[in-house]
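Trainee: I am new to this structure. Please take me through one part of it closely, and then show me how other parts compare in kind.

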Amino acid sequence: MLRFIWSHIRRRAGRSIALLLGVLVATTGFTLLTGSTETTRLQVTGMLDASARPAYDILVRPKGGRSLLENERNLLRPNHSSGLFGGITRAQLEQIKHLPGVDVAAPLAMMGYTMVTIPVSFDVTDAVDRTARQQVIRLDPTLLADRGMTRWADAPSYVYVTRNRLVIPNPQLGGQVPNRLCGNGLPGGRPYEVLPDGRRSIVCDTAELELPVSGGSQPLNGLTAAQRTSLRVVQMTPAGAFRSASYGVLSESASMGVLSEPRDRLIVSLPVTVPLLLAAIDPRAEAALTGIDRAITAGRYLAPDDRTEDRTLPVLGTAKPYLDQQFAVRYSRVSGSGVAGSHTQDLREHLRSRPRTLVGSAQQDVAEAYLRAMSRARSDRRGSVGQVFLMVRAGDPTYVVRPDGALGVAVREPDLDVYRKRDYVGLRMPGLALDAGFRPLTQWAVPPSDQGPRALKPVGLYDPEKLAGFSELSRVPLETYQAPTATGADAETRRLLADRPLLPNGNPGGYLATPPFLLMDLTHYPELDEPADPISVIRVRVDEIRGYDSVSAERVRRTAEQIALITGLDVDITFGSSPTRQTIVLPGGKFERPELRLTELWSRKGVASLIEQAVDRKSLLLFGLILLVCALFLANAVAAAVRDRRSELAILACLGWPARRLGAAILGEIALLGLAGGALALLIGMPLGAALDVRMPLSRALLAIPIGLLLALLAGLLPALRAAGAQPGAALRPAVLPVRRARRRRTILELAMANLGRVPGRTLLGAGSLAIGICSLTVLAAVQWAFHGQVQGTLLGDAVTLTVRGVDVVAAVATAMLGLLATADVLYLNIRDRAAEFATLRATGWSEPAIGRLVVYEGIGLGLLGVVLGAGAGLAGAAWFVGDLHSALIWAAVDTALAGLLVAGFAALVPALWLRRLPTSALLADE
């Protein structure tokens, strides 16, 4: 038998080589495609392992701290702790710390905003006319925020520059006189200007000018815009230096004060009120969680033995405040005549009515001014950056879900009373507090100690960008250090933002909240009248977690379940989460900023688990599809080989060969070719896999031999059984449908369609091969679409999709090519089996173009039948897998069907051209 098989393989070398190539293609394709799915799985697993763990694994918030919107969408919003002020007790914190499996439990207590006035300096030297004896420089300040879209104009300030000598009377040495010119008639140390004739004229340099400014008299800090206007007095020496008037008890003269030391530059400082958010942490836990103790850029970290002495409270300041505020000033020159010796009313009218000449402008970043103030306060032994006695707390914004899925932010009228305290007049509020608000505001008044309010003393600065690195793909809100940002969601918003993110603007009632500017030790909270439940959130890191896998996920889940059970708090698992894009519609403000359509990164929980499940499901389905297509491709090749031998098999059956021997001969030939094809696939599989970047270890490559044998035997089983059981007469002359009624075919197209119905088995075989390819490709598209639809939309999911896209395309194209090759093979064998028929047509006068059109029409008809069956079956399978017949899947099936029909037409051209080379006389003689 073996000699017979070998001799047959050598005698029909063409068909044997074709069958061998079929085994080789199917085996190599199967190993490479399964290797590609394994590569995809390993790539995704590696990415999850490297990127799925965030800064903390579990977030614990007070009962009710999770919003309804977060529950509905399985999200964690980026401002999750900015509106929480307490709600968790110290006892609950200790319960969490002592749970088995908890590595770090880092508490965070949001305390509120303290208002700090920071000086911003401007050099106005170049605005001075050095030839004028008297002049007034007007400074019009404007606070810019929201990338310059928000513009709030504060009251102007004036600088009176005179070349005349200035004198400051000392009140304690008898130099005080009633200042009846300056409005209130109270005595005080107002500066005098000595005129050229020796007369002395008082200069009203206080905020009592009450000058009206553009924008009305809207109150700020209890003062109208007119009342916030001030006039400063400066003397310009003959040498061109500047000396400013100073106040205080001085002893150099019995009736005279002194001026400041001469300076070459005229520097004017304007006050800006900056809300500094204060939060309390556990220094040890915070260092273990984020590595903040290694991010110190100046000074030192909070020490466990820090004590609150001399009314000071040690704090750690941020070196990156993430504050989008600029202070811009325009300089104008006003005539200075009539300032000295003028009554308040006259001076007001004079400065308001005189024309102004713009002579310059400048702009300073408020964040830089904050850093300078922090440095001065840290280096000065008695320096501080504010006091803790009245703090403003901002709650959570309210969202309204729009029909398009975007979240609109509800507008709130700002409550300015929270910035005031009845028994204290020195409070200030930020100018942007007058803008539209989006958060409810409350006031926390801290009772002062016996020595007065606590002063915030910075001991060091830290850089939040030097914290322990966490993957951007699994980032969760770390609001202690990083401000939430929002980017433009549409072209108009991106244009308004100049393709930059929107940052917090310093308004406590604004939408984006700043991270805490100052951090204090939680152990000092009781000194500030600590409530019963001071902690806002607890961030938990679970022990023995190195990457993402099912065991680690279960360990985190059990720990979260225990925390919720023993504390009753709201618990969110952030392990395996990833940022997802959420569209926010921010209404316009009161100071020119228009409505913005923004994109924020909210955290979607459980993304890594979803990706892992989707990858496993996709790999399993791809494995089944690849196996089916490869087996059908090889079955078609084996069936063609057996059909090509039907005459020989019939003769052997007539000579007495039993059916089992005929089947064994066919299976033996197929098995031998399968072994050879598997061996060749082993030789070319590994280098081809390396070239395609497909993981192909030796153990997998060695499977090519048994796979080739198994595929060959499975593919040849049914053809072998059919050949062994066929009748010799039927094998020598295949049956065709009987003609029931004669019908004349008038066109070549009609004849082609009739030919397809003459041998229905052969027609269905060709159409079925194409249908299987179309069906497989459509189902494959559904698998990929469902996979990408499940994991896309988050940063981690998008990265996974981008990583596996190349492998998915290779798998899809290779699977389709196998199905289309099987179709082309059927078309070729179909034409080859009917070679004698075409020779007869040629002999009866048919032209070559007519015969060619007949072949092409048959191929197109065969392809049309195949694509209709394949697309229908593919859509049914896709709908079953996805659960819904999405329009994208329908278009994928249509595109695949059109491509298959086009390939079928081109596949018919090859045998049509090959027909011209057939010897007509020899074919007719054989027939």
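Mentor: Start with a term. A helix here is a DSSP run of H or I with at least four residues, and helices are numbered from the N terminus. Keep in mind that this is a predicted model.

Now the part itself. Helix H21 covers residues 887-914, and Leu898 lies in it. Is Leu898 buried or exposed? Its relative accessibility is 54%. Exposed means over 50%, so Leu898 counts as exposed. Together with Ile890, Trp891 and Val894, Leu898 forms a nonpolar patch on the surface. The accessible area of these four residues together is about 400 Å².

Next, a residue in another helix. Asn636 sits in helix H10, which spans residues 607-644. Asn636 has a relative accessible area of 4%. Buried means under 20%, so Asn636 is buried. Look also at Leu19. In sequence, Asn636 and Leu19 are 617 residues apart. In space, their C-alpha atoms are 9.8 Å apart.

Last, a sheet. Three strands make an open sheet in the order S7-S10-S11, and the pairing is antiparallel. Strand S7 (165-167) and strand S11 (200-202) are the edge strands, each pairing on one side only. On average, neighbouring strands of this sheet are turned by 30 degrees against each other, direction ignored. Strand S10 takes in residues 192-194 and pairs with S11 over three bridges, in the antiparallel sense. Within that pairing, Tyr192 stands opposite Ile202 in S11. In general, strands of a sheet pair through backbone hydrogen bonds.

How values were computed. Residues are numbered from 1 along each chain as its sequence is written. This is a predicted model: local features need pLDDT of at least 70, side-chain atom pairs count only at pLDDT 80 or more; totals for chains, interfaces and linings use all residues. Side-chain values use heavy atoms; hydrogens and water are left out. Two strands pair if DSSP finds at least two bridges between them. Helices (H or I, at least four residues) and strands (E, at least two) are DSSP runs, numbered from the N terminus. Axes are lines fitted to C-alpha atoms, for helices over the stretch in contact, and angles run from 0 to 180 degrees between N-to-C directions. Buried means under 20% relative accessible area, exposed over 50%, partly exposed in between (1.4 Å probe, protein chains only). Patches are made of residues with over 30% relative accessible area and no salt bridge: like charges are joined within 9 Å, nonpolar side chains (Val, Leu, Ile, Met, Phe, Trp, Tyr) within 5 Å. Accessible areas come from the Shrake-Rupley method with a 1.4 Å probe; for residues, only the protein chains shown count as cover. A salt bridge is a side-chain nitrogen of Lys or Arg within 4 Å of a carboxyl oxygen of Asp or Glu.
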